[in-house]
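Take a look at the structure shown here.

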Amino acid sequence: MNAVEIEEAVSQLAAEPFDGAEFPFAFLRAFGNKEVTIKRLRGGSASDVPGGVLQRNNVHLAVCAPGMVGATLDALRASPKTAANRVKFALATDGAEVQAHDMAADDPLSCPFVELGAHFGFFLPLAGISTVRQIKDNPIDVKATGRLNKLYVELLRDNPDWASEAKRPELNRFMARLIFCFFAEDTGIFLNALFSKTIEQMSEAAAGNTHTVLAELFRAMATPVATRAGLRPWADAFPFVNGGLFSDAGEVPRFSRMARTYLLRAAELSWQQINPDIFGSMIQAVADDDERGALGMHYTSVPNILKVLNPLFLDELRASLEAAGDSTRKLRALRRRIGAVRVFDPACGSGNFLVIAYIRLREIEHEIVRRTGDDPTSVIPLTNFYGIEIKGFPAEIARLALLIAEFQCDARLISQQAARSMVLPLHRTGQIHIGNALQMDWVAICPPAMRMVVEEHDLGGPTGHFALEDNGAGEVVEPETYICGNPPYIGGKKQNLVQKQDMKCVFKNGEQSKNLDYVTAFIIKACRHLDYAKRSAIVSTNSVCQGTHVPTLWPMILELGCEVVFAYEPFKWANNAQRNAGVTCTIIGFERAYAGEKYIFSSNTKRVVRNISPYLVEGTNDIVEPRSHNLNNLSRMITGNAPYDGGHLFIEAAEASDIKRRYPELHANIRRVCGTSELVDGVSRYCFWFSDKEKEFAAGHPVTSSRISSVIDYRKSGGEVAVTLTAKPHQFRFSNQCCEHQILIPQVSSERREYLPIGFLSKDFIITHLAHAIYDGTLVDFSVLSSKLHLVWISTICGKLETRLRYASNLGWNTFPICKLTEEQKSDLTRCAEAILIAREAHFPTSMADLYDPERMPDDLRLAHEQNDEILERIYIGRRFRNDTERLEKLFQLYTKMAAVAPAKTGQAAAKLKPRRARVGAV
């Protein structure tokens, strides 16, 4: 269930007569629990509280006698069953009162039972939906989204022609007009519920004339009062609105009886309480058939948006405010500067970045007004907010959200009366353009800013005149443009034809950029636009600073003369999505010719650094290139043996055992194979393995002859490499083997693991191409591979497959920086490796997947790994590293030194920052 459906279900439950016996199950059903779950809980749960029902990992609730709600909630919270079953919520009710407790957040709730629907957001985690304070405390955004969705769907049912591409923009604009009217009558812009009462009184469900009434109202709002003629008296009562939203009357879709009902129900809500940033994001799904299933779960939390906006420009403005103190001259200069700030979001959606930027700028301006006593009328025009959105409806909502945000700021920061007096007729709102941002000219959308000459006006208010010089009249104010946003993340293999064309349009280098994530095109365009803007900050998947993205993308960024002025260590950008842990993201701020302090942000720290590298750690701008040979004097690593056999040389465990029993002469030719899945999951698979001398034997043996023929057929019709192998159908492409032992390195590993599960195998195994191998490697190699230090390096350098770690020997192993080891250090690391292997052996036959599950890892194995980390890290700095950031910074520092001595033999030389003189834009 989505958030809208949950709100409706909980509200209906609260409105019905209370049934104590049924309430626990009805409540669980409202949050999406299936009937099979309800049936199981009816049969008995683990609750030890009278009248209680307990659902593991979810909720412990109980119905109690009147007046016993508080005591029952205390019993639920104190119950050992609550803790043992990792319950998220405790809830008690007697049908008159509800008390609940969010166990994770230590957050209480108390309300009358009939108001339970208003607090549905408090319980959304029960449905696997993350939430934020605004949704918990104010459900209007979800309720409004749900009612508008019902209206939208009904209108499409009544007017099927409006579903066409040609008519959808008109329907979207119509919905935006309705939202404004709902908001206007609840905020006093339209007095005495004028809009909904007129619809209710002048339209008739039976007559089907709702569309004609609305068309007349919109005509009135689009016509100045002085030029009106022929309007119906009930429409003439409406003020002139215009401002683009009602610039032409336009068509109105027809309304069925049900659609009219939905319209009036939507008007009943308290629209003045909506959050324009959250509501705008949520409402995107209403007009999108593909996203409607996630209705009410589309928003970007304000704290995440501020991670972008604060270091982009808000922190600097607040610092200037602090430095200005009570100096009227400095404060007014800062206010003029704020009035010239322009914000551009090239993937703006419903405008939540722009809305939050506007609100925070207004708050800074308000503090300036408080200190100076000047006229509170804002000098921040909505026309300073630019956006591009590919879909029409979100673009309409973005324009409207900015208007609503402006009115709410006026009402909160000046007065409700002033807000009403200034809002009509609507002036120009944000400059939101509809189109494909990667195909559009950003200079045409957000053109070079002309210097603004401040006109003489009385900033001091009606009685607070001050000198022309102090006023700043005639002073040239340099506009500041900031680029921000959260564009789509789409991997190179998941891009559709249009998106691939977008990438070619931006990069113009075809093959080189075909594997880059879609978001990288926005990063490059933002960097190019810094010819005309001061700074950019784009939310991106963390793949842009990892793996092969770095040597492909970052030389282009550095060539543009862009520097990273701030960056966030990777974090989960978790929006309100059902059972979605969020994408691992970073935020990168770029600027040209920057001379100030640079910052790296983590979850709770802000560090000043000298330079931020392409890997978003402190260090130089060196880029790690793939190497065909080791930089570190450790053993050689190669990919395992690729079969190119169509599966014909492989046999399952049971068949292998049977063949060995029936044909003893093949015993030595049946070898156990091991790749990533076989190692990690403990799966047993086998293959036929013949030497060059055994070709005729293999081709003539009754067990293998048909298999050899099948391999020949497969290779003849296979790819370029397979065709070259038809002369040796009894063998894999390569026949790499060890003399004594071999080390297996998984190609892919879960990002949850604290250590790589490295295999140490006997010579009887054949390592497949689905893993990497070190043949006859040392236990020192095993120790390094098993360390946290190496895991951190490959996580950054090799990148990810989806969210899993993806190992590449030429990037992860051949480049791994380690100083020359003494014999004593090698001996210490060898003992550590032996301890790890002994600890693993003690838990045989537990699979590597279970041994290295962070929640189930045996204590002795964890201790062995920690001791290995201790020994290895002391070799680097004489102590354990404090965190992964410190690990990476040291590794990159050492890599730079080692790479300078041994230049890469493959790939380009490490790219260096080459400052470029910025082109001068129009002023």
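Predicted model: local features only at pLDDT ≥ 70, side-chain atom pairs only at ≥ 80, totals over all residues.

Set aside residues up to four places away in sequence, and F174 touches L155, L214, F218, V252, P253 and F255. As background, nonpolar side chains tend to be buried together in soluble globular proteins.

Now to the sheets. Strands of a sheet pair through backbone hydrogen bonds, either parallel or antiparallel.

Five strands line up as β1-β2-β3-β4-β5 in an open sheet with mixed pairing. Which strands form the edges? They are β1 (52-55) and β5 (107-112), and each pairs on one side only. On average, neighbouring strands here are turned by 10 degrees against each other, direction ignored.

Strand β4 covers residues 97-102. Its pairing with β5 is antiparallel and runs over six bridges. Within this pair, H101 stands opposite P108 in β5. Helix α4 (residues 69-78) lies across β2 (59-63), β3 (89-93) and β4. The helix runs at about 155 degrees to β3.

## A sheet of four strands

Another open sheet has four strands, in the order β19-β21-β20-β25. Its pairing is mixed.

How do β20 and β21 pair, parallel or antiparallel? The sense is antiparallel, over four bridges. Strand β20 spans residues 670-674, and β21 spans residues 685-688. R672 has Y686 in β21 as its bridge partner. Helix α24 (residues 653-662) packs on this sheet and touches β19, β20 and β21. Its direction makes about 95 degrees with that of β19.

## Aromatic rings

The model contains 36 aromatic pairs. One of them joins Y599 and F601. Their ring centres are 6.3 Å apart and their planes stand at 45 degrees, so the pair is tilted. Is F601 buried or exposed? F601 is buried, with a relative accessible area of 9%.

Rings can also link up in groups. One cluster, linked by ring pairs, is made of F18, F23, F27, F31, F89, F113, F122 and F123.

## Cysteines and one threonine

A disulfide is a covalent bond between the sulfur atoms of two cysteines. How many disulfides does a search of the whole structure find? The count is zero. Two cysteines are worth a look anyway. C111 has a relative accessible area of 4% and is buried. C798 also counts as buried, at 3% relative accessibility.

The last stop is T372. T372 lies in helix α16, which spans residues 352-372. Why does T372 count as buried? Its relative accessible area is 16%, and buried means under 20%. Leaving out neighbours within four places in sequence, T372 is in contact with T328 and L331.

Methods
Residues numbered from 1 in each chain as written. Heavy atoms only, no water. Contact = heavy atoms within 4.5 Å. Pairing = 2+ DSSP bridges. Helix = DSSP H or I, 4+ residues; strand = E, 2+ residues; numbered from the N terminus. Axes fitted to C-alpha atoms, helices over the stretch in contact; angles between N-to-C directions. Buried < 20%, exposed > 50% of the residue type's maximum accessible area, 1.4 Å probe, protein only. Disulfide = S-S within 2.5 Å. Phe/Tyr/Trp six-rings, centres within 6.5 Å; stacked < 30°, edge-to-face > 60°.
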